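Thanks for making the time this morning. I would like to walk you through one chain, from its overall layout to the spaces inside it, so please have a look at the screen first.

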Amino acid sequence: MIRSKEARRRAVYVAQILGVVGAYYLSGRLGLTRQVVVDGAVVTPLWPPTGISLAALLYLGARIWPGIALGAFLTVTAIGDAFTLSRLGIVLGNTLAPLAAYALLRRVGFRSELARLRDGICLVFLGAFAGMLISATIGSVTLMLDDKVPAGRFWLVWSSWWAGDAMGVLVVTPVLLVLSRVRWPRLSDRWPEACLLAVVVVLTGVFSTRSSLSMIYLVFPVIIWAALRFQLPGSAPCALVVSVLAITAGTDALGPFAGHTLMEIMANLTVLNGCVALTALLLGAIVAEHQNIRRETEHAVVELEALVEQLAPLPGRPAARYDEPPHPGQ
């Protein structure tokens with residue numbers, strides 16, 4: 001019996017590792033479809049595997065790290081020879097970065113429900129901005145030592161790398177964290193509004209990212225609508241859709257991205273995706289926190305009313321006076 005339970009746990013663990021490997025590799029291949037080459041370094045405006053890795057660690061714990069390492073190894077082999085110094089450095093950095101982000105989030109008491117503003121802020125500054133410094137630094141340094149990036153272009157490669165990894169955490173991780181905790185509304189509740197929101201975010205995203213009128217700011221009212229009405233379960237997927245549409249238009253040099261250099265497009269995409277992700281994440285967390293406070297307050301009021309009713313005098317019975325000593329025998 002004990003052996004069968006142990007074998008079952010091992011089978012579950014292996015399945016989890018393989019699941020992380022598969023998700024990492026497939027998302028990495030998808031991210032590479034919009035890759036750009038910056039002085040010999042392959043970078044993307046949005047690197048989904050970093051978001052998947054951090055979400056997997058928050059779900060399953062640090063023991064899942066071999067899946068991240070193997071997924072990173074298989075992904076870099078799709079780009080080139082994995083046995084060079086730079087490729088091994090990329091694998092090391094892409095494994096250590098989400099582990100460091102996970103450790104920082106655990107240390108500050110991060111809750112994966114993202115129902116508090118402090119959790120959103122921690123995910124932004126510790127999970128994305130701080131944690132991804134490791135992958136960008138190790139990857140860029142090993143590329144420079146491998147003579148694939150000139151020393152004078154190090155900071156350009158480093159900043160592009162860091163921005164892509166950070167955007168992966170900001171855009172992908174919140175979506176994965178809220179998926180398993182979504183309480184789907186009844187059809188008679190808010191499904192019509194949710195369907196309308198989905199149509200509007202796609203139409204607005206396509207128009208704003210591909211129109212020559214440069215109306216990219218039109219996406220923000222839609223993100224605010226999603227956050228106010230559906231919190232993170234609505235705003236996080238909307239932010240992901242907008243970011244994907246913007247990256248597609250940017251790498252194809254369409255709409256507001258036409259006529260710009262590659263570096264200008266990368267900078268614009270980074271700023272846009274960062275603003276969209278921050279608006280969706282922080283505003284959704286603020287609304288969720290306020291709703292939780294309201295529910296707790298209403299619950300406390302109900303309990304207080306019940307307590308008052310219990311202490312109220314019954315008909316024909318004098319109210320209890322707590323300033324008098326009890327009678328003998330009480």
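The chain holds 10 helices and 2 strands, where helices (H or I, at least four residues) and strands (E, at least two) are DSSP runs numbered from the N terminus. Please keep in mind that this is a predicted model, in which local features need pLDDT of at least 70 and side-chain atom pairs count only at pLDDT 80 or more, while totals for chains, interfaces and linings use all residues. Residues are numbered from 1 along each chain as its sequence is written, and side-chain values use heavy atoms, with hydrogens and water left out.

Read along the sequence, the order is α-β-β-α-α-α-α-α-α-α-α-α. Of the 330 residues, 42% are buried, meaning under 20% relative accessible area with a 1.4 Å probe, protein chains only. If we take contacts (heavy atoms within 4.5 Å) between residues at least 6 apart in sequence, 74% of them join residues at least 24 apart.

Now to the annotation. An unreviewed UniProt entry lists several spans as "transmembrane region", including residues 12–28 and 121–143, and such annotations may be inferred rather than shown by experiment. In the model, residues 12–28 are 100% helix and 0% strand, with end C-alpha atoms 24 Å apart, whereas residues 121–143 are 96% helix and 0% strand, with end C-alpha atoms 32 Å apart.

What does a search of the whole structure find in the way of cavities? There are 2 cavities of 30 Å³ or more, a cavity being a set of points on a 1 Å grid over the protein atoms alone where a 1.4 Å probe fits but cannot get out, and lining residues having an atom within 4 Å of a point. The volume is the space filled by probe spheres set on the points, which are joined across faces, edges and corners.

The largest cavity contains about 40 Å³, and its lining includes Leu 170, Pro 174, Ala 236 and Leu 281. Helix H7 (154–179), helix H9 (219–251) and helix H10 (262–311) each give at least two residues to that lining, which divides into 9 nonpolar, no polar and no charged residues. Here Ala, Val, Leu, Ile, Met, Phe, Trp, Tyr, Cys and Pro count as nonpolar, Asp, Glu, Lys and Arg as charged, and the others, Gly among them, as polar.

The second largest cavity, at about 30 Å³, is lined by residues including Tyr 24, Trp 47, Asn 94 and Met 132. Its lining has 6 nonpolar, 3 polar and no charged residues.

Key
Buried < 20%, exposed > 50% of the residue type's maximum accessible area, 1.4 Å probe, protein only. 1 Å grid on protein atoms, 1.4 Å probe; cavity = no way out; pocket = protein on both sides within 12 Å on 5 of 7 lines; lining within 4 Å.
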